[in-house]
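Please report on the structure below. Cover helix packing, the nonpolar cores, the ligand site and the domains.

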Amino acid sequence: MIRINENYLKLKSSYLFSEIAKRVSEYQKANPGESVIRMGIGDVTQPLPSAIIEAFHKGVDEMADLSTFKGYGPEQGYDFLREKVAEFDYRQRGAKVDADEVFISDGAKCDTGNIQEIFAGDISIAIPDPVYPVYVDTNVMAGRTGENVGGRYQKLVYMECTADNGFVPEFPKEKVDLIYLCYPNNPTGATITKEQLKRWVDYARENRALILYDAAYEAFVRDKTLPRSIFEIDGAREVAIEFRSYSKTAGFTGTRCAFTVIPKECMGYDSAGNRHSLHAMWNRRHTTKFNGVSYPVQKATEAVYSAEGQKQVNAIVDGYLENARIVREKMTSYGYQCTGGENSPYIWVNTMRDSWEFFDMLLTRCQVVCTPGEGFGKCGEGYIRISAFNSRDNVINAMERIAKL
Ligand SMILES: *Cc1c(COP(=O)(O)O)cnc(C)c1O
């Protein structure tokens, strides 16, 4: 008898985006003439710029030529790309990362989910609330969370992110071994200062814990005093793994390229207390279960770092940031308290009422779709997330419609 992994039965059905789609399609059926503006999208909308597309095409053409054809590449990624990452994303910003500490992959979603395979089954895990749902659900699948009772998994330690703490959590009261942090944050759009991040690094060092730092939105950080990487913080190399992605920063959500950085000093412990290199363990895992990102995609990604590529991707991010600024300014002027929208593509709006009720009101009275905060965790109740991934016209239109409320 083929038995199943019963941990899957503990998953809360991922009803958020299906429930949104259902409510939008019902509304559209009932009101066929109305045009709906989608401000809930967690996906980029602008096409890949020319410098990247040219490199992509060139990579494809090389595959058609006997003298430049590529078969399997290195599982960890081609050196040409790992070198660029180490140089441009880290060394030039004062963070020490070597090319062989960079693991190129097909997504930060997969990496943040897969990384826990190298940790023990009974570690204690701290997760922010509200949160990117992948961190929670992948731990449920791995059997680390216990049952869901009243919307919370019994064995997870929830770190509440609220207006009171500026959406940067306090240290958990109980001892934890693994800590998820994401800044600039999805869904709140909040950022973390170097001082705050340093306290988390110190905390991890004192507790022999590990921080999983998701920096998928680092390109949106324009305030030079804010960290773009946890490795800008002293001591982080021993206690942190960083996840990055080209999805939101360079428009690669459909192209697929990302990377994970595990410094060689980063250690885990066996039950006897002996230290083991997490870099070596992930290298073993990655090379065993992954066969690398396709060559043309890595060539396209390399072009992100060329002078022209930088100019073009920065211009796209600037456009989203301007959208975010407009949303934040307008929603604030309508009397809503907002977080994010600066150094982030997301605006987290305090609706002062039930987040689904507010969602329905925006949909039926303004024909604007947002994401109800409740879908990201208990602490998201009373909030909505508005995304800046849209055209300028749609953003301005949506804000004009909401002004009439
Ligand atoms: C979009 C996003 C990612 C990126 O995932 P990919 O698999 O690289 O597309 C990672 N983390 C968060 C929090 C995100 O919102």
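## Packing of helix H9

The buried residues of H9 pack against helix H2 (50–62), helix H3 (79–90) and strand E2 (102–105). Contact here means heavy atoms within 4.5 Å. Helices (H or I, at least four residues) and strands (E, at least two) are DSSP runs, numbered from the N terminus. H9 itself spans residues 295–302, and eight of its eight residues are buried. Buried means under 20% relative accessible area, with a 1.4 Å probe and protein chains only. The buried set is Tyr-295, Pro-296, Val-297, Gln-298, Lys-299, Ala-300, Thr-301 and Glu-302.

This is a predicted model: local features need pLDDT of at least 70, side-chain atom pairs count only at pLDDT 80 or more, and totals for chains, interfaces and linings use all residues. Residues are numbered from 1 along each chain as its sequence is written, and side-chain values use heavy atoms, with hydrogens and water left out.

## Nonpolar cores

A nonpolar core is a set of buried Ala, Val, Leu, Ile, Met, Phe, Trp, Tyr and Cys residues joined through side-chain atoms within 4.5 Å. The largest one has 86 residues. Ile-179, Ile-211 and Tyr-246 have the most contacts inside it. Helix H11 (residues 355–366) gives the most to this core, with seven residues. Domain 1 and domain 2 each supply at least three residues to this core.

Take Ile-211. Neighbours within four places in sequence aside, its contacts include Ile-179, Leu-181, Trp-200, Val-201 and Ala-204. Ile-230, Val-239, Ala-240 and Ile-241 also touch Ile-211. A second, separate core has 25 residues, among them Ile-118, Ile-123, Cys-266 and Trp-282.

## Ligand site

There are 13 residues around the ligand, counted as near if a heavy atom lies within 4 Å. Asp-214, Tyr-217, Ser-245, Ser-247 and Lys-248 come nearest.

An N or O atom in the side chain of Asp-214 is 2.7 Å from a nitrogen atom of the ligand. Ser-245 places a polar side-chain atom 2.6 Å from a ligand oxygen atom. For Ala-108, a backbone N or O atom lies 2.8 Å from an oxygen atom of the ligand. On its own the ligand has 390 Å² of accessible area, and the protein covers 93% of that. These areas come from the Shrake-Rupley method with a 1.4 Å probe.

## Domains

The domain assignment gives domain 1 (7–47 + 308–403) and domain 2 (53–306). Such bounds come from an automatic or database assignment. The domain centres, taken over C-alpha atoms, are separated by 25 Å. Their contact takes 33 residues from domain 1 and 44 residues from domain 2.

Note on methods
Buried < 20%, exposed > 50% of the residue type's maximum accessible area, 1.4 Å probe, protein only. Polar contact = N/O pair within 3.5 Å; in protein donor to acceptor, adjacent residues only side chain to side chain.
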